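Keep the structure open while you read.

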Amino acid sequence: MASLDEAIPGSIRDLPASAIREVANAGIGRTDLIPLWFGEGDLATPEFVRSAAIRSLEAGETFYEPNRGIAELRAALGVYLTGLYGRTFRAAHVTVTGSGLNGLMIAAQTVLEPGAHVVATVPVWPNLIAIPTILRARITPVPLEPHEAAWRLDLDRLIDACTPGTRLLLINTPSNPTGWMMDEAEIRTVLDFARARGIWVIADEVYARIVYDRAVAPSFLSLMEEDDRLIVVNSFSKSWCMTGWRLGWLTAPPALGPTFEKLMEFNTSCAPRFVQHGGLAALARGEGFIHEIRQRYGRSRDLMIERLGASNRITLPVPEAAFYGFFKVQGIEDGIAFAKRLVAEAGVGLAPGEAFGEQSRGWLRLCYATSPALLDRALDRLQEHLD
């Protein structure tokens, strides 16, 4: 009889463990560590969001809710999206999910079956690429290209990677870990191609509001039609510092609503009402907070670019959005080993590039969503270690 390990399906058994967690585990117990490895800032959720959830809890709102979210939040998200993209979105376009990650899984379950062919831009957050793997799809990665000024996507290469049997284009824009984002012309080209070929597009736009020269990143939603095979995933985590709340949403043609409702029922059933009331408060009062954190992150980004850019050993394409620096240190080929040494010898925690795909071996991701003063200390330690 096969062992328990051998009895697990290979698509699950062979999933790689998180390289970010592997490095983070090396720093357990250190009190002098500056952790910049995870994708979250150092600010707590704003008080007005916390208070709204507390009021809901104190009112005893702790029961099951509609699969696709409470009506008030879905309607508020429709208004929010209409204001951002200048097109009309209604509650029927919106499904509330128990995190952006849950939304990505629901979206992928909607369109994928075993053996389906997926084309995905990389490097990318490992959880995103793991989802089609779990669903036993086949993935063709298309790497972004690092240039001194910024990362770039070769659209011809992306299109050429699609075959007559391609089912899905999976795109993260703005990107974790690179900070790259598609422009309007690129989005139109990809969407027109997908429409002509009958290919689904799932766009992870969780970092849509973490941009530095505009109010919102270019989005597939600005071009979405009611019959498009398009699902856009978003989250409250990054824009309102709500990572631990696990609240996200899907925006898609209303015809997909009944499918999302079924899949929500069979995955998590629903997001808690008190969490959704936190989301309502974020939408109602959170624009000022978004403006503040963008300014704060922008100062930290400028500091990171100045400090890392001064080293002739470091290659750092400038991030256009999100809150990461993804860089290469000359002579470093094993990012995991280097990141562990950095924890042990310098007390700085970075994410190894290997977490985001083999094409990123030796690269490192630094989350700069922290105060400039703390980031400056971390960069001092990194520079001393390199010296």
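## Helix packing: α6 and α7

Contact here means heavy atoms within 4.5 Å. The model is predicted. In α6, the residues L101, L104, M105 and A108 meet N127, L128, I131 and I134 of α7. By class, this contact has seven nonpolar residues, one polar residue and no charged ones.

Two packed helices are described by the angle between their axes and the distance between the axes. The axes of α6 and α7 come within 10 Å. They cross at roughly 35 degrees. The crossing of α6 with α7 is right-handed.

## Helix packing: α5 and α11

Helix α5 spans residues 71-85, and helix α11 spans residues 273-285. Their axes also come within 10 Å, with a crossing angle of roughly 25 degrees. Angles under 35 degrees count as roughly parallel, so α5 and α11 are roughly parallel to each other. Their crossing is left-handed.

On the α5 side, the contact uses E72, L73, A76, L77 and Y80. On the α11 side, it uses R273, Q276, G279, L280 and L283. Six of these residues are nonpolar, two are polar and two are charged.

## The largest pocket

Rolling a probe the size of a water molecule over the atoms shows where empty space is left. The largest pocket holds about 1,200 Å³ of space. Its lining has 44 residues. Nearest its centre lie S18, I20, W125, P126 and N127.

Which elements give two or more residues to this lining? They are α3 (19-25), α6 (100-111), α7 (126-134) and β4 (138-143). The most comes from α7, with five residues. By class, the lining of the largest pocket has 22 nonpolar, 13 polar and nine charged residues.

## The second largest pocket

The second largest pocket has about 180 Å³ of space. Its lining includes P35, L36, W37, F38, E40, G41 and D42. C367, A369, T370 and L374 also line this pocket. The lining divides into seven nonpolar, two polar and two charged residues.

## Cavities

How many cavities of 30 Å³ or more does a search of the whole structure find? It finds three. The largest cavity has a volume of about 50 Å³.

R307, L308, I314, L379, L382, Q383 and L386 line the largest cavity. Both α12 (287-309) and α14 (372-386) supply at least two residues of this lining. The largest share, four residues, comes from α14. By class, the lining of the largest cavity has five nonpolar residues, one polar and one charged.

## Backbone geometry

Most residues other than glycine have a negative phi, and most peptide bonds are trans. Some sites in this model depart from that, as follows.

The peptide bond from T173 to P174 is cis, with omega near -10 degrees. A cis peptide bond also joins N176 and P177, where omega is about 25 degrees. P174 lies in the loop between β7 (166-172) and α9 (184-197). P177 is found in the loop between β7 and α9 as well.

Is the phi of S99 positive or negative? It is positive, near 115 degrees, in a residue other than glycine. S99 sits in the loop between β2 (94-97) and α6.

Key:
Residues numbered from 1 in each chain as written. Predicted model: local features only at pLDDT ≥ 70, side-chain atom pairs only at ≥ 80, totals over all residues. Heavy atoms only, no water. Axes fitted to C-alpha atoms, helices over the stretch in contact; angles between N-to-C directions. Parallel < 35°, antiparallel > 145°, perpendicular 65-115°, else oblique. Left-handed = near helix turned anticlockwise from the far one by under 90°. Nonpolar A, V, L, I, M, F, W, Y, C, P; charged D, E, K, R; others polar. 1 Å grid on protein atoms, 1.4 Å probe; cavity = no way out; pocket = protein on both sides within 12 Å on 5 of 7 lines; lining within 4 Å. Points joined across faces, edges and corners; volume = space filled by probe spheres on them.
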